[in-house]
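Grab a pencil and have a go at these exercises. Try each task before reading its solution.

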Amino acid sequence: MFNERQLQTLHAAIDRIIPEDDFPGGVEAGVADYLLKQLGRDLTHLAQDYPRFTDALEAEAQAAHCQAFAALEDGQQDALLTRVELGEVEADWPLDPAAFFADFVEHCAEGFYSDPGNGGNRDGVSWRMIGYEVNG
Amino acid sequence: MTHYDAIIVGAGAGGGVAAGVLAGAGKRILMLERGPRSEFAQVPRDHLRSQRGSFYGHNAGPDIEGNPRTLEDGSIVLPHQRGYQNNAAMVGGGTRVFGAQAWRFMPQDFRMASIYGVPEGSSLADWPIDYEELEPWYERVEWEIGVSGTDSAMTHLPPYKRPYPMPSLQPNTAMRTHMKGLEKLGWQSLPMPQFINSVDYNGRQACIRCQQCVGFACPVEAKNGTHNTTIAAALRSGNCKLKSGVMVERIDCDDGGRVRGVNWIDNAGERDSATAEIVIVSAGAVESARLLFNSATKREPNGLGNHSDQVGRHLQGHYYPLAVGLFPERMMDNLGPGGGVATCQFNHDNPDVIGGGMLADDFIVLPIISWKIYVPRDIKRWGLSAKQFMRDRYRCLGDIKGPVHEIPSPEGRVTLDPKVRDKFGIPVAHLSGTTHPETVRTASFIYDRAEEWLRASGAEKVWGYRPDLRLSGGQHQAGTCRMGEDPAESVVDPWQRVHGHDNLFVLDGSVHVTNGGFNPVLTIMATSWRAAEHIVEQW
């Protein structure tokens, strides 16, 4: 579904949506795994759009910085994603940047905060972070 | 063909109670349920697919594929999607995964038209029975199914004749904070009555205070539904045959209006049928109406019991105003199920609005639901600040919400879709209209009280959801086969027998004339128990 380049871009973007701090970032916490699982399950209708989204992020990075998105500094990635969030893009986007970005953010949160059975939230790491404990 | 004393369609709150009463009286019954009979492990604790958070599916049915409904705008909706008005489909029905609130309606809830008058365009009406009539059955259900609570705190009701069989669960941090808020305001404060064992009861253990209660099955069966009480007893008696995974296609009725039995289809597509002395429809307000429509005869071409065009009308559930507060201190201490302190201060006698509703704090909110619904709308939704808001403040969120007594409209209704069919080839329910706009005014008033309570409890910031006009139903669905003396204005009589049919009954929320400002399940069980006992007495 994703080629190597697209996957790199996707991972870089996920780690800006949920950056690493004292707790793991999105990719380490399994958000990409969640997303890939969902693209074969409930989000099959986005299976074509997600690679296009990463291509567009890449094109945006090339247009603004002549560099790969994944190679940009955190601050540059954040600034670029903020423009996408606002729909203020320079490259030619095959999909609505603001709308797709909003969905992407929700998908990342689903992977991070839902139960580990969904493929993300590895070992319940986000639940430990926020203090949600499960017994029984 | 096998002949039974009674066939019950639907193994939820109403049908489950009926099974227990009839089988206990020695009647040979067949119980048909379209959903499965599931073990705990077969009701997944999936935070994206549960009856609490149906973002991509459900954990308790019906199946996403093959069970569509249609809406007024022509769209086809699936069971987990907005507008479907879903209720769980499995043995135990909603009681398998409910929040287990065990509220009695108030005496005033049965007399809404007399107290408030009837707003133009609404079908607000009094029930044909009153609180006094239902009180012994409330008590019966509280003891037989098992409710924990504090009767002396229920000051909005006439004094209880018998206390609850179990004491209330001990309060958690959020509840104690909200109790202080109520005290400050001078509002009534009470521990929510719950179908949850606070101590070992009826051979099952006490609640382990876990964090995944509402929307999920109980890992220790301390949550009391029909699946582990009345249905279990019916099966133990040897008088009840339970078939799960079968969809009833139609009720078979002769030209004189006498019901002969039912036909069903199993998941493999095989058709079968059985006959019975009586048939009890307990499929929930949407599906019970649908089944009556789909059982039309020459004599009643618009559906059984529908000679007065009442079947499917007055669909109602509850509007839920929800206010969320950010507190300086931690509210969430992981002591489940959460949701335990309530006030009935505003169910009635409110200035300039009709009725009202109970308000309470909510169950422990799942992290993903907190993220999607509870976090303040003005925070940035990505980046370090979003992550750290959840890290630092998830446990500092508190909420107050409650079910508003809806003002029904005859236009809020279930009909049959003329074209769309389910996986069995049976015409599906079409949903249209809304509740009466007066409901919005009442809900808005109640929303303001929820905010007021949160502020009194110490919230530093408050926001929330004020309901808009819409059709309502969902897990609290009711009203589509309303109970009444007059066949011109109702579908069943006060004993829940379908007008014009000696041996056809409806025992579920469909019969509610109005739905109270409370979770309706205790009332569904109480009316069903009363009607089932009457059936046995009259046999």
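The model is predicted, so local features need pLDDT of at least 70 and side-chain atom pairs pLDDT 80 or more, while totals for chains, interfaces and linings use all residues. Residues are numbered from 1 along each chain as its sequence is written, chains are lettered from A in the order in which they are written, and side-chain values use heavy atoms, without hydrogens or water.

**Exercise 1.** Work out how H4(A) and H5(A) meet.

Step 1: the axes of H4 (residues 74-85) and H5 (residues 97-113) of chain A come within 7 Å and cross at roughly 115°. Axes are lines fitted to C-alpha atoms over the stretch in contact, with angles from 0 to 180 degrees between N-to-C directions; helices are DSSP runs of H or I, at least four residues.

Step 2: Leu81(A), Val84(A) and Glu85(A) face Pro97(A), Ala98(A) and Phe101(A) in contact (heavy atoms within 4.5 Å).

**Exercise 2.** Classify the aromatic pair of Tyr50(A) and Phe104(A).

Step 1: ring centres must lie within 6.5 Å; planes under 30 degrees apart are stacked, over 60 edge-to-face, the rest tilted.

Step 2: with 6.1 Å between centres and 65° between planes, this pair is edge-to-face.

Step 3: Tyr50(A) lies in H3 and Phe104(A) in H5 of chain A, so parts 54 residues apart in sequence are tied together.

**Exercise 3.** Find the charged end over the ring of Trp382(B).

Solution: Lys380(B) puts its charged end there, 3.9 Å from the ring centre (NZ of Lys or CZ of Arg within 6 Å of the centre and within 35 degrees of the ring normal).

Note on methods:
Helices (H or I, at least four residues) and strands (E, at least two) are DSSP runs, numbered from the N terminus. Rings of Phe, Tyr and Trp (its six-membered ring) pair if their centres lie within 6.5 Å; planes under 30 degrees apart count as stacked, over 60 as edge-to-face and the rest as tilted.
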